[in-house]
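Me: Hi! Could you walk me through this structure in plain words?
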Amino acid sequence: MTLPISISAAQGAQVKRPSRYLRNLNSKIASIPMVLTAVVVFLGGTIWTILYSFTNSRLLPRLSFVGIDQYERLWSTARWMVSIQNLATYGILSLIFSLTIGFLLAALMDQKIRFENTFRTIFLYPFALSFIVTGLVWQWILNPEFGVQAVVRSMGWTSFAFDPLYDSDIVIYGILIAALWQGTGLVMCLMLAGLRGIDEDIWKASRVDGIPMWRTYIFIVIPMMRPVFVTTLVIIASGIVRIYDLVVAQTSGGPGIASDVPAKYVYDYMFFAQNLGQGFAASTMMLLTVAIIVVPWAYLEFGGRKRG
Amino acid sequence: MDKSLTAMPNLAGADRLSAGPQGKRPRKVLSGRNIMVYGALTFAAIYYLLPLYVMVVTSLKGMPEIRMGNIFSPPMEITFEPWAKAWASACTGLNCDGLSRGFWNSVKIMVPSVIVSIAIASVNGYALANWKFKGAELFFTILIIGAFIPYQVMIYPIVIVLRELGLYGTIYGLILVHSIFGMPILTLLFRNYFVSLPEELFKAARIDGAGFWQIYFRIMLPMSLPIFVVAMILQVTGIWNDFLFGVVFTRPETYPMTVQLNNIVNSVQGVKEYNVNMAATLLTGAIPLIVYFVSGRLFVRGIAAGAVKG
């Protein structure tokens, strides 16, 4: 990148050297949308929301500070506790299952099989669909009167009960099933890319040493794929915190508030309950959750390399 | 240095992945191991295909048949009535003009959003790759970190700004929002692509006296059509599938298809017509599915880059 500078230096010798701020002007003009988005929307919007989460804004945002009142109220609201519990259950299970299933599928796909493209197309197509579509399909499949439960009962097992969407104890698993159906294809793809990045010689060496395949996977390949796992983990985790559309479509947060999630809590308090302060406090907690996941990762991924 | 912000270590892998399997074909086809591998994969494939199958068969049945039979059985009598009803006369609240309104709203939102967001991000990525100025990396870093911030954090300030601009509730406001939130991932995509092009091309054009826009339109643009297609796939599916922004930033008359679909299916009034619901669901999923099946490997490349968007 030395050339543009040397050219502008050569021009500067003849004409009066342009101001430092006008140099490379076109590039700066082209970057105005990015600068505005980064500074005004992302940085400004976030700071604004955090600031107003310390106020008692209700219908309209007002700058009358009440300290951490909103947060105290948030953590003593039963509905918020339910959403946090749901998020934790859903998040942990969804991480475990999507990583396991995604890796297993990728490992199967990596056995030099035929029809690899066909299988990949099938595993990945749910990812192209919106959460709304996913939620509505699974709402129908899990429908107690006509869906899986009814079909199994009609086959003779009359006491069979699998009714996650109308049972508040297990409703979050119903959502988990739909989410896994939609998301595991992506994990499979990322894992497969990681597996393809493993040197073929590793496999040859382990075969020569007579190490069984599953041991090679667990003790050699998976440790080698650490960066892929970490990236996938961050991608899944930051998606988990945002889960919203799926719940809205599949259960609308019901039965009652049993399948509420933080994102829905935020939306409802901001746009229906007209309690903006609560909404801001809850969304700040969401931001904090993401920060806890992303900051250590970004530090390990980029911080270390820059210094090195 | 350039790699330090390449948040996608898997992008290279995705290219390798789309190159297909490598090495020799297996010699024996019917070994025990192969039966297990194909058995497991086929089992998984059936599980993934089942919901699509259920959607299709349900949407082709009449309501009496749905009430009697089970959801997995193929239709005894194929009827396209549910499709017609979903498209033209399904009700949301008092409106009974079907999903078609949502469809055209979505088209009106998606087309300009895709064009605007890609135009901005490609020029921006080009500026970041070839015309770096002081501070550019800082703003870019904020932009990428911003991609991880939950949307809920930024929604309300945007509502206020749009209200001030008089754009709240209009399609233009939503287009602006989509352009803003598409920026991180698209800028990253274009920047990484332009960085990977040989620098000599840029230098040669510079020596020949081409300026910022000339190089962009006459050299970079023609050379980067594949990445434009990837960006388009990413944006078309992403914007079509959006629900949150649609529900927050538009009014019932301008609701995009996903929001209208949810209102039709989850409306509490009236008798539930599952066949119409499934036809409506399929109609909404049709555009991204067509994009997916037509684009194939490019889609994989897009999601490997777009995965950050979550």
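Me: How much of residues 280-300 of chain A is helix, and how far apart are the end C-alpha atoms?
Reply: That span is 100% helix and 0% strand, and its end C-alpha atoms lie 30 Å apart. Helices (H or I, at least four residues) and strands (E, at least two) are DSSP runs, numbered from the N terminus. Keep in mind that this is a predicted model, where local features need pLDDT of at least 70, side-chain atom pairs count only at pLDDT 80 or more, and totals for chains, interfaces and linings use all residues. Residues are numbered from 1 along each chain as its sequence is written, with chains lettered from A and ligands numbered from 1 in the order in which they are written.
Me: And what about residues 29-54 of chain A?
Reply: There the chain is 88% helix and 0% strand, with 37 Å between the end C-alpha atoms.
Me: Where does UniProt place the "transmembrane region" feature in chain A?
Reply: The unreviewed UniProt entry places it at several spans, including 29-54 and 280-300. UniProt positions follow the numbering used here, feature names are shortened, and annotations may be inferred rather than shown by experiment.
Me: Switching to chain B, how many helices and strands are there?
Reply: Chain B has 15 helices and zero strands.
Me: Which domains does chain B have?
Reply: The assignment gives domain 1 (27-79) and domain 2 (100-309); such bounds come from an automatic or database domain assignment. Taken over C-alpha atoms, the centres of domain 1 and domain 2 of chain B are separated by 34 Å.
Me: How many residues does each domain of chain B put into the contact?
Reply: Domain 1 of chain B puts in eight residues and domain 2 of chain B seven residues. Two residues are in contact if their C-beta atoms, placed from the backbone, lie within 7 Å.
Me: Which helix gives the most to the domain 1 side?
Reply: Helix 2 of chain B, with four residues on the side of domain 1 that touches domain 2.
Me: Now B:D97, where is that?
Reply: B:D97 sits in the loop between helix 4 (81-88) and helix 5 (100-130) of chain B. Not counting residues up to four places away in sequence, B:D97 touches B:A88 and B:S89.
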